[in-house]
Amino acid sequence: MKKRILRSIILALLIIVFCISTFMLIFIKIRGNKEQSAFDRIAETVHSSDQLHGTTDDSTQLLSKYIGIYEQNSDFVAWLNIPGTNIDYPVMYTPFEPNHYLHRAFDGSSSVSGTPFIGYGCTPDSDCIIVHGHNMKNGTMFGTLDNYKDEGFFNEHPTVIFDSLYEQREYKIFAAVNCEVVPFGEVGYKYYDHGGNLSEDGFTELVGWLIDNSLYDTGIIPLPDSQILLLSTCSYHNTDGRFVVAAYLEK
């Protein structure tokens, strides 16, 4: 009798856990889709403005397509787009609190998806810019970035658009790397500590590490003094795993 009651209690608890887990997954998906809709509206504004007004070659003037959203939030400093994919987002910069937009929407409200942001030590014009974004299971944010683990996908999508507020920029991808956050006290290359300005040796070390650890050989080697752009997201191949797509822009 006692065993039967115990089994019933365990079964009931399992059903409750299953129901809560299912509810949470549905809630996160619905909220993530709602958050993505807000970004879709921002992207539509940017692209429609670009078609109507074009761009300017004056490096001291904001590109016309970004004026409207910059006026909404001056933390906005760049636009990230990978042609042929759904990665098409504003990029934020808060130097005194780099992770400010980790769980904040463009308007600063609480958000599951967050907003892509420039990481610690970087500026929008650094020698090495690191942009972080969530690997969302619904495919938003950097949820499709790990498609670059497939060399065929790289061949079809070899460039990244990363506009500053003042100029259009097109970067060439040269590496795709599975890596991890190095545990405290252990030895390992911490790519995330190399954002910012690079010495000649620092540039050579960073680019060499990215190429040596790339999942495939792109055959591309950035020229010295190129600007490096790293797109970084969580990956589940390892504990504290990260996936990085590396691109460069000739200065």
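In which loop does D225 lie? D225 is placed in the loop between α4 (200-212) and β7 (227-235), where helices (H or I, at least four residues) and strands (E, at least two) are DSSP runs numbered from the N terminus.

The structure is a predicted model, in which local features need pLDDT of at least 70, side-chain atom pairs count only at pLDDT 80 or more, and totals for chains, interfaces and linings use all residues. Residues are numbered from 1 along each chain as its sequence is written, and side-chain values use heavy atoms, with hydrogens and water left out.

## Overall architecture

The protein chain contains 4 helices and 8 strands. Read from the N terminus, its elements follow the order α-α-β-β-β-β-α-β-β-α-β-β. Of the 251 residues in the protein chain, 44% are buried. Here buried means under 20% relative accessible area, exposed means over 50%, and partly exposed covers the range in between (1.4 Å probe, protein chains only). The accessible areas come from the Shrake-Rupley method with a 1.4 Å probe, and for residues only the protein chains shown count as cover.

## Salt bridges

Side chains of opposite charge can pair when their charged atoms come close. A salt bridge is defined as a side-chain nitrogen of Lys or Arg within 4 Å of a carboxyl oxygen of Asp or Glu. By this rule the structure has 3 salt bridges. The pairs are set out below.

| Pair | N to O distance |
|---|---|
| K65 and D163 | 3.4 Å |
| D125 and R169 | 2.5 Å |
| R169 and E167 | 3.0 Å |

The salt bridge of K65 with D163 has an N to O distance of 3.4 Å. K65 belongs to helix α2 (residues 64-72) and D163 to strand β5 (residues 159-164), so this pair ties together parts that are 98 residues apart in sequence. Both K65 and D163 are buried.

In the salt bridge between D125 and R169, the closest N and O atoms are 2.5 Å apart. This pair also links distant parts of the chain, with D125 in the loop between β3 (117-118) and β4 and R169 in the loop between β5 and β6 (170-180), 44 residues apart. D125 counts as exposed because its relative accessibility is 52%, whereas R169, at 6%, counts as buried. R169 also meets E167 in a salt bridge, and E167 is partly exposed at 38% relative accessibility.

## Surface charge

Which residues gather in a patch of negative charge on the surface? The patch consists of D150, E151, E156 and D217. Patches are made of residues with over 30% relative accessible area and no salt bridge; like charges are joined within 9 Å, and nonpolar side chains (Val, Leu, Ile, Met, Phe, Trp, Tyr) within 5 Å. Lys and Arg count as positive and Asp and Glu as negative, while His and the chain ends are not counted. The place of a charge is taken as NZ of Lys, CZ of Arg, CG of Asp or CD of Glu.

M141 has a positive phi of about 50° although it is not a glycine. M141 sits in the loop between β4 (128-132) and α3 and counts as buried, at 1% relative accessibility. D225, likewise a residue other than glycine, has a positive phi near 75°. At 61% relative accessibility, D225 counts as exposed.

## Cysteines

A disulfide is a pair of cysteine sulfur atoms within 2.5 Å, and the structure holds 0 disulfides. C122 is accordingly in no disulfide, and the nearest cysteine sulfur, that of C128, is 5.9 Å away. C122 is buried at 4% relative accessibility. C179 also counts as buried, with a relative accessibility of 11%.

## Selected C-alpha separations

L230 lies in strand β7 and is buried at 0% relative accessibility. The C-alpha atoms of L230 and I173 are separated by 9.5 Å, and these residues are 57 residues apart along the chain. E205 is located in helix α4 and is partly exposed at 45% relative accessibility. Between the C-alpha atoms of E205 and H194, which are 11 residues apart along the chain, the separation is 10.0 Å.
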